[in-house]
Amino acid sequence: MKTSDIRPRRRIDRRTVLKGAVGVAALGTGISGFPAYLKAAGKPIRVGMPTIMSGRVAILGESSVAAAQLQINRVNKAGGIDGRPLELVVRDSRGKPDEAARMTRDLVNNEGCDVILDAEASSASFAVNEVVRDIKKFCIHSNSETSSLTADPKNQVPWVFRSARQGIHDAVGGGLYAARVAKEKGLKRWATVSPDYAYGRANTEEFMEYVKIFAPEVEIIEQTWPKIFQPDYTENVTALLNAQPQAVYSCLWGGDLVAFTDQASLYGLFDQFEAFAVNLGDYPVITAIKSLPAGVHSGSRYHKDIPDTPENEAWYAEFMANSKVLPTNWSWENATAMDFIIAALKATGGDTDAEKMGKATAGMTIDSPFGAGGKLTMRDSDHTLVNYMVGYSKTISKDPYVVDFKQTDWADIYKHEEEWKKRNGYI
Amino acid sequence: MLEIDALATCLSTPACLVNQTTSGLIIGMLLFLVASGVTLIFGVLHVINFAHGSFYMLGAYFAFTVYQLTGNYFLAAAAGAVGAAIAGIVFERLIISRVYGQNVLMQLLVCYAFILIVDDAVKIVWGAEYLAMGIPAEFRLPPYRIAGGFVPPFYLFLVAMAVIIGLGSLYVVTKTRFGKIVRAAAHNASMVSALGIRVPIYFALLFALGCALAGVAGALAAPVRSLTPGMGLGILVESFIVTVIGGMGSIPGAFLAAIILGLTRSIGSVGFPLFVDGAMFMMMALVLIFRPTGLLGQGTLR
């Protein structure tokens, strides 16, 4: 037996314990004394994204995620935010408000997300809005077009914004355009066919309200309200045929609009009336319709030629190269949300404090392929996006599907929006 | 809520009458095809196939693919029926047969799980985008004008096909040896089995026939309906209303109820546009209260 291998155990004396304790305490104090963003140096900044990834409108969520991820990849390739990469954490709420709210809390509490990109449809967006106001996390609502989400002062807090279109902006733009066409062509008898839920009714009411403001001779002679996801529109098509209007407005969207257009074409409906469809211009819709009727007035959604700039063309090409789905209206809205998040993080040096990010974002103008004149602004007064593309085009049956885009002047939108806000007691 | 004037004007105008009557038939006949599958399966197997809409969806997607490959709509419709039937056999043998005889809640849960799985599978295979087959070239014709009303030729074809297929399946179940065996097995499976007949195979084939009806409905309607994952859910609700009103297990009942519902939708869209769905559900409630077995139902397949 080699006794030399056996060393006596070193005794831990009182002094050693005390030194160790002082050292640990000093280290602990030192770390906790660091600013939070220094503690997190190198750690990814996590952006939580509740959205709809399954069911009939899964394409909207998928095209949203693809767009947000595209912007993240760009900034990460360029070194992230002061060396910290961005990371997208997506959750599928299936569009249900209670799920969206639960997932938002989960994204913050369990996934450690610092920022919320709320890519939900309107009903769930209001639920997410409640949560982010409560837990005080910086949030951009990227898809809800419901005007009151940001217009109503009751919903406003310094750290919540909206990068989506706003219903009232499209209503003014659409109303001005449609009234001009109505006057040119003498279209007095109007009908509507829109989905029978909050969005469909509110959108149609706002659109027709502004058509009548700008062309008082217009009267509504028929309104038919198919249920959302209704498979058969025959009864609605025949209701329009029976009423024999001169013009028809619709805010049907997605697969419902594809089905309605195909079914209406069987009756030759588009040969008989002037048609206005605010949501027709979305790529997945317009490319899915096999015999797209020509001459339908289509609201602006996302299109590679609107605005017709090299920057927008380049973004479209990059999106197509990185996405398995076509870009939608939700795509540019989410790319924009991510651009504002990135810009705010750069302004705060990576600090995700809700107040600081909110302060940086309010009133911020960024360069964007989606803005009129290449600029988008997050308006300070109500935290909503302005200066995006609002207007109408006309359809043709083949690529690029829509042509002759008429941009609404934002000065007109501001003027009528202010009146609308006063009427609703928002200002 | 009631628009009596509009309804009276419509009923006294030939053009409106033609439009609304034909549209009622069109809506009703496609509902009938789907509902007849539900009622067939319930009548024999006493299983409420809550996943029936998934086979409607699969039929539409199979037809879409075959149409893309061949450009032949009739082949595509057949493929929709066959594809849904094969999927139905797989579903019946591997999944739903394990909960035969169990309570409805268990069957509902199993079917719901299947619906979610199939929806996601469709999304993986065909993508989440809306797909549209487009009107086949042979039906790209202007609508017929009858008494000032509009009747699309494609819809006339759909109505005729639905009637032929519905009558054909009724004939198969009531007049053929296959039909007699499944009806006998429905009454006493043990006795039929004792005669040397492999009852499970017949049950699977019957289930496949029901699913084929849903599949062919999806395939026939595919040119005018957008294809999306989850598209089966909308038609499922209405086809259940048809089944309940007509009588669970009765194909003629489903036919009658489908026409009633189609006409309710089309006439209702003029006379009570805000209460069309309400009227449908109210009819169902009244039937459940005053004639729980449905208009022509006796609880089992007649």
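**Close-up 1. A:Arg94 in its loop.** A:Arg94 sits in the loop that runs between strand E2 (86–92) and helix H4 (97–109) of chain A; helices (H or I, at least four residues) and strands (E, at least two) are DSSP runs, numbered from the N terminus. Although A:Arg94 is not a glycine, its phi is positive, at about 55°. A word on the coordinates: this is a predicted model, where local features need pLDDT of at least 70 and side-chain atom pairs count only at pLDDT 80 or more, while totals for chains, interfaces and linings use all residues. Residues are numbered from 1 along each chain as its sequence is written, chains are lettered from A and ligands numbered from 1 in the order in which they are written, and side-chain values use heavy atoms, with hydrogens and water left out.

Close-up 2. Strands E14 (residues 391–395) and E15 (residues 402–407) of chain A pair in the antiparallel sense over four bridges; for strands to count as paired, DSSP has to find at least two bridges between them. A:Lys394 has A:Val403 of E15(A) as its bridge partner. Six residues lie between the two strands of this hairpin, and A:Tyr401 in the turn has a positive phi of about 70°. The loop between E14 and E15 of chain A also holds A:Pro400, joined to A:Asp399 by a cis peptide bond with omega of about 10°.

**Close-up 3. A cis proline at A:Pro307.** Here the peptide bond from A:Ile306 to A:Pro307 is cis, with omega near 0°. Look for A:Pro307 in the loop between strand E10 (297–299) and helix H13 (310–322) of chain A.

**Close-up 4. Where chain B meets chain A.** On the chain B side, 39 residues are in contact (heavy atoms within 4.5 Å) with 38 residues of chain A. Together they bury about 3300 Å², 56% of it from carbon and sulfur atoms; that is the accessible area (1.4 Å probe) lost on being put together, summed over both parts. B:Glu129, B:Tyr130 and B:Phe150 supply 21% of the area that chain B buries against chain A, more than any other three residues.

**Close-up 5. A salt bridge across the interface.** Four salt bridges (a side-chain nitrogen of Lys or Arg within 4 Å of a carboxyl oxygen of Asp or Glu) link chain B and chain A. One of them joins A:Glu62 to B:Lys123, with the closest N and O atoms 3.8 Å apart.

Notes. Buried area = accessible area lost by both parts, 1.4 Å probe.
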